[in-house]
Amino acid sequence: MNTVEIKNLTKNFHSTTAINNLSLGIEKGKITGLIGADGAGKTTLIRLVTGLLLPDSGEISTLGFNPSVQKSLLNPKIGYMPQKFGLYEDLTVIENLKLYADLKEVPYDFDKLLEFTNLKPFQERLAGTLSGGMKQKLGLACTLLGSPEFLVLDEPSVGVDPISRRDLMKMVRDLITPETTVLWSTAYLDEAHSFDTAVVLDKGQVIYNGNPHELAETPQEFENKVIELMGGYKKEKSLIAENYVPHKTDVECTVEADKLEKKYGNFYAVKNNTFCIRRGEIFGLLGPNGAGKSTSFKMMCGLAKPTSGTARLMGIDIIQNPEKARSNLGYMAQKFSLYGSLTVRQNLEFFAAAYGIKLSERKKRVEEIINVFGFSDIQEQKSEDLPLGFKQRLSMACALIHNPPILFLDEPTSGVDVITRRDFWNHITSLAKKGVTILVTTHFMDEAEYCDRISLFYKGEAIAVGTPAELKQKADAGNMEDTFIKLIKESEKE
């Protein structure tokens, strides 16, 4: 028996076909993973199934209702968590839960949810002050209120650390009934490999629908098979790196943190952070949500003033000479920080000007970036209308546009599909070979393997520093995800 039945579904946006004559059944009582490249149609499909969009043609039945005309009957039976879940950041945890309970007309029965999410001690904390992982847990708790028959999750684990990802998965599995159907869109293929069913979308069509283990037994093989289905990934020379002009320097530590600390009252967001990153090194900053990684980034590029200590970029002190220090830096923030009302091309032109590229060279550089990042077809689209993966790609392009000797990348591949991730890292590793110094944070533990060295951050302090091989040896673990979880848990015991 299927919770969702779709026949010959089509949805167009102007000249773009988002869903192309798609037919699909989503089985009742199963967890179905929805995967595919950015712009493959995942979010559009979810919105059609839940009645948030109307199809151009075809038929949809969700829990026996037509979502186009029976949305009011369907709504109480669905728990929907969109990519950007609408938490009220100026309300507390408990106030958010009460608000969503009122909207769903269900009783204030939050004990089990607060227990599962570990949010019980934080009930009076404003949602806006929670870490990324805690926000996602609260969003999921609000979505689970009223025990929905059909749970629809659009990339709930984007930007969430491995421990919180496992917690989210456990929450869903433990809090649903055997009759609950789950549709879970994800960029993490190890996650999709653990579901009952995997549906792979490409260009608005289903290219695989079945048990993920029938495609491949292990997560890494599964990832490779999905990439094959999506047309494969051929590693090519990075045009960005090819066109990069190396910077000469005699400075030994091109990026240096010197006893950096940030305090809020009695709370240390970052404590005694000291490291030296050499020219052409990829240095990974790993840690759970709220560990202090983004705060470190902000201090090191002059966006937040340290309580004590300092940082140097190309030997220039960020406190004494912030403008000169920052001119050496390309910074990609964790949250999309571009101008939503500007088109892709206009954003690139703006950042090219802001980073001081001469007018005579600006047009050529913008064209080059549009070509390298595959923006030709979307260059006139407003950046706020882009899928998440394309937003990340544009954000990275803007950080690179002025050919900086240092790159700070704060979760550059968060929410990006697997092929685009490989492409990003091809650019990153190729740039490092040309001498660019790179400081990067990521929650994809397979990406940590690309780093020359890693600092594992927890509660504002570095608890382990070394190469990926050294950290795996220290944790006596076979992969970086198990290493991350083991070292964090050992640190908690201490």
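Helices here are DSSP runs of H or I with at least four residues, strands are runs of E with at least two, and both are numbered from the N terminus. The model is predicted, so to speak of a local feature pLDDT must be at least 70 and side-chain atom pairs count only at pLDDT 80 or more, while totals for chains, interfaces and linings use all residues. Residues are numbered from 1 along each chain as its sequence is written, and side-chain values use heavy atoms, with hydrogens and water left out.

**Two loops**

Start by selecting D476, in the loop that runs between helix 18 (468-475) and helix 19 (480-493). D476 is not a glycine, yet its phi is positive, at about 55 degrees. Most residues other than glycine have a negative phi. Is D476 buried or exposed? D476 is exposed, because its relative accessibility is 66% (exposed means over 50% relative accessible area, buried under 20%, and partly exposed in between, with a 1.4 Å probe and protein chains only).

Now go to E105, in the loop between helix 3 (93-104) and helix 4 (111-117). E105 has a positive phi near 55 degrees, and with a relative accessible area of 73% E105 is exposed.

**A buried histidine**

Next, pick H193 in helix 7 (residues 189-193). H193 counts as buried because its relative accessibility is 4%. Which residues does H193 touch, leaving aside neighbours within four places in sequence? Show P212, H213, A216, E217, T218, P219 and F222, which are in contact with H193 (heavy atoms within 4.5 Å).

**Aromatic rings**

Rings of Phe, Tyr and Trp (its six-membered ring) pair if their centres lie within 6.5 Å; planes under 30 degrees apart are stacked, over 60 edge-to-face, and the rest tilted. The count comes to twelve aromatic pairs. For one of them, select F297 and Y331: the ring centres are 6.2 Å apart and the planes stand at 50 degrees, so the pair is tilted. This pair links distant parts of the chain, with F297 in helix 11 (residues 293-300) and Y331 in strand 15 (residues 329-332), 34 residues apart. Both F297 and Y331 are buried.

Then colour Y339, F350, F351 and Y355, which form one aromatic cluster.

**Charges over rings**

Finish with two lysines. Zoom in on K271, whose charged end sits over the ring of Y268, 5.0 Å from its centre (NZ of Lys or CZ of Arg within 6 Å of the ring centre and within 35 degrees of the ring normal). The last stop is K11, which lies over the face of F13 at 5.4 Å from the ring centre.
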